[in-house]
Amino acid sequence: MKTIELSPLSIGEKQAWLNHAIGPRPIAFVSTVDAGGNANLSPFSFFNLFSYDPSVVIFSTVRKVRDNSIKHTLENLLQVPEAVINICDINMVQQVSLASGEYPKGVDEFIKAGFTKQPATLVQPPMVKEAGIKLECRVMEVKSLGEHGGAGQLVIAEVLLLHVDESLLNDDGNMIDQLKTKHVSRMGGNWYAAINETNLFTVPRPGARPGIGFDGLPQSIRNSNLLTGNNLAMLAGVAEIPVVNAGFEDNRLKNIVQYYAINPDEMEKELHLYAKELLEQNRIEDAWQVLLYAAG
Ligand SMILES: Cc1cc2nc3c(=O)[nH]c(=O)nc-3n(C[C@H](O)[C@H](O)[C@H](O)COP(=O)(O)O)c2cc1C
C-alpha cells in the first residue's frame with residue numbers, strides 16, 4: 001500500500017489525490033442570480049444529498065488557489081440565497097464542462113454553453129430547460145471550511161421543489177426509473193463516469209432479520225480460496241443457514257459429484273467454483289445448496 005500524507009502536499013497535489021480517490025461524485029449544475037437578476041451557471045461535483053426531512057443537499061464552492069477569491073456562484077448566493085441545482089446527464093456533459101470556464105463576472109453561462117432558461121416556480125434563478133432533473137433550493141447556511149485558497153465553502157440548501165421530466169419516470173409514472181436517468185459523475189483528472197444499463201446493478205438490502213454474517217458461515221466456506229469477499233457476503237446475507245433441500249435437482253452438481261467421487265479435495269474445489277458462478281448469476285439459494293453438498 002502506498003501511504004500518502006496529505007499535509008506536506010501542495011493544494012494541487014491534494015486535489016489530484018483526493019479527486020482520484022473519491023469518486024464518482026454527482027454533478028450539481030448550479031444556477032444562481034445576483035442582486036440585479038443576472039444569471040450564472042456552474043458545475044460542482046462536491047455535491048450530495050444529506051437529509052430527507054428537511055430535504056437538504058450540500059455543495060461546495062472552493063476558494064480559488066490562484067488569488068483566494070470566491071466563485072461567482074457563491075458571490076451570488078450571498079446576495080440572493082436561492083439556487084436551482086440541475087442534475088448533469090450524458091446529453092449535456094460537454095456543455096456543462098464548457099460552462100465551467102472562468103468567464104468574467106456578469107457573463108451568462110446559459111448563453112455561453114448554449115442552454116435554455118426556464119422560469120423556476122419558487123426561486124429566482126432560472127432552471128436549465130435541457131436538464132431532466134432540477135431541484136429548486138433555498139440556502140439555509142454557508143459554512144466556510146477555511147479562509148485560504150483551496151478551502152471549501154459549503155452551501156447547505158433545502159430542496160423546495162423537485163422537477164422530473166416525464167420521460168425519466170417508470171411505466172406507472174410514480175417513480176424515477178434509474179435505467180433512464182443517465183446520470184454523469186466526476187472522477188479524478190479529466191475522467192467522468194456515465195451511468196447506464198451496462199453498469200447499473202442491484203444489491204439486495206439486509207432484510208428485517210439481518211444476515212448471519214461472515215462469522216456465521218461454516219469454516220469450509222469462509223476459508224475458501226475461491227470465493228471472494230463479495231461471494232461470501234451474498235452467502236452471509238441469509239437470515240439463517242439454509243437446510244439441505246433433498247429435492248434440489250441439478251445436473252451440473254450431479255456431474256461434479258460423479259466425476260470427482262474419488263478425489264474429495266478436487267470435488268470441493270469444483271463445487272466452490274460452481275457456487276461462485278451461481279452467485280454471479282444472483283442464484284444465492286442454489287449456491288447454498290451446492291456448498292452444503294460440498295460441506296458434506
Ligand atoms: C464537472 C465539474 C465539477 C466541478 N466541481 C467543482 C466543485 O465541486 N467545486 C468547485 O469549487 N469548483 C468545481 N468545478 C469548477 C467550477 O465549475 C469552476 O471554477 C467555475 O468557473 C465556477 O464558476 P463561477 O465562478 O461562475 O461560480 C467543477 C468543474 C467541473 C467541470
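**Entry 1: burial and overall form**

I count a residue as buried if 20 or more other C-beta atoms lie within 10 Å of its own, as exposed if 12 or fewer do, and as partly exposed in between, with the C-beta atoms placed from the backbone. By that rule, 28% of the 296 residues of the protein chain are buried.

I note that this is a predicted model, in which local features need pLDDT of at least 70 and side-chain atom pairs count only at pLDDT 80 or more, while totals for chains, interfaces and linings use all residues. The numbering I follow starts from 1 along each chain as its sequence is written.

Along the principal axes, the C-alpha atoms fill a box of roughly 85 × 55 × 30 Å.

For secondary structure I have 10 helices and 12 strands in the protein chain, each a DSSP run numbered from the N terminus (H or I over at least four residues for helices, E over at least two for strands). I also checked the contacts, which are pairs of residues whose C-beta atoms, placed from the backbone, lie within 7 Å. Of those between residues at least 6 apart in sequence, 60% join residues at least 24 apart.

**Entry 2: domains**

The domain assignment, automatic or from a database, gives domain 1 as 11–194 and domain 2 as 214–295. I find the centres of domain 1 and domain 2, taken over C-alpha atoms, separated by 47 Å.

Of the 17 residues around the ligand, the ones that come nearest are Ser42, Phe46, Lys71, His72 and Thr73. Strand 3 (39–44), strand 5 (56–62) and helix 2 (72–79) are the elements that give two or more residues to this shell, and strand 3 gives the most, with four. By residue class I count five nonpolar, nine polar and three charged, where Ala, Val, Leu, Ile, Met, Phe, Trp, Tyr, Cys and Pro are nonpolar, Asp, Glu, Lys and Arg are charged, and the others, Gly among them, are polar.

I next looked at Asn40, which has its place in strand 3 and is buried, because 25 other C-beta atoms lie within 10 Å. Leaving aside neighbours within four places in sequence, I list Thr32, His72, Thr73, Asn76 and Glu109 as the contacts of Asn40. Pro126 is 86 residues from Asn40 in sequence, with 9.3 Å between their C-alpha atoms.

In helix 9 (residues 264–280) I looked up Leu271, which is buried because 24 other C-beta atoms lie within 10 Å. Not counting residues up to four places away in sequence, Leu271 touches Ile256, Val290, Leu291, Tyr293 and Ala294. Asp215, 56 residues from Leu271 in sequence, is 21 Å from it, C-alpha to C-alpha.

Helix 10 (residues 284–295) has 12 residues and reaches 16 Å from its first C-alpha to its last, close to the 16 Å expected, the expected span being 1.5 Å times one less than the number of residues. Its buried residues are Asp286, Ala287, Trp288, Gln289, Val290, Leu291 and Ala294, and I find that what covers them includes helix 6 (219–222), helix 7 (229–235), helix 8 (251–259) and helix 9. After helix 10 comes Gly296, with a positive phi near 90°.

**Entry 3: backbone details**

I found a cis peptide bond from Gly23 to Pro24, with omega near 0°, and Pro24 sits in the loop between helix 1 (11–21) and strand 1 (25–26). The bond from Asp53 to Pro54 is cis too, with omega near 5°, and Pro54 has its place in the loop between strand 4 (47–51) and strand 5.

Lys182 has phi near 55° and is found in the loop between helix 5 (178–181) and strand 11 (184–186); with 19 other C-beta atoms within 10 Å, Lys182 is partly exposed. Asn282, with phi of about 70°, lies in the loop between helix 9 and helix 10, and I class Asn282 as partly exposed because it has 13 other C-beta atoms within 10 Å.

How values were computed
Contact = placed C-beta atoms within 7 Å. Near = placed C-beta within 6 Å.
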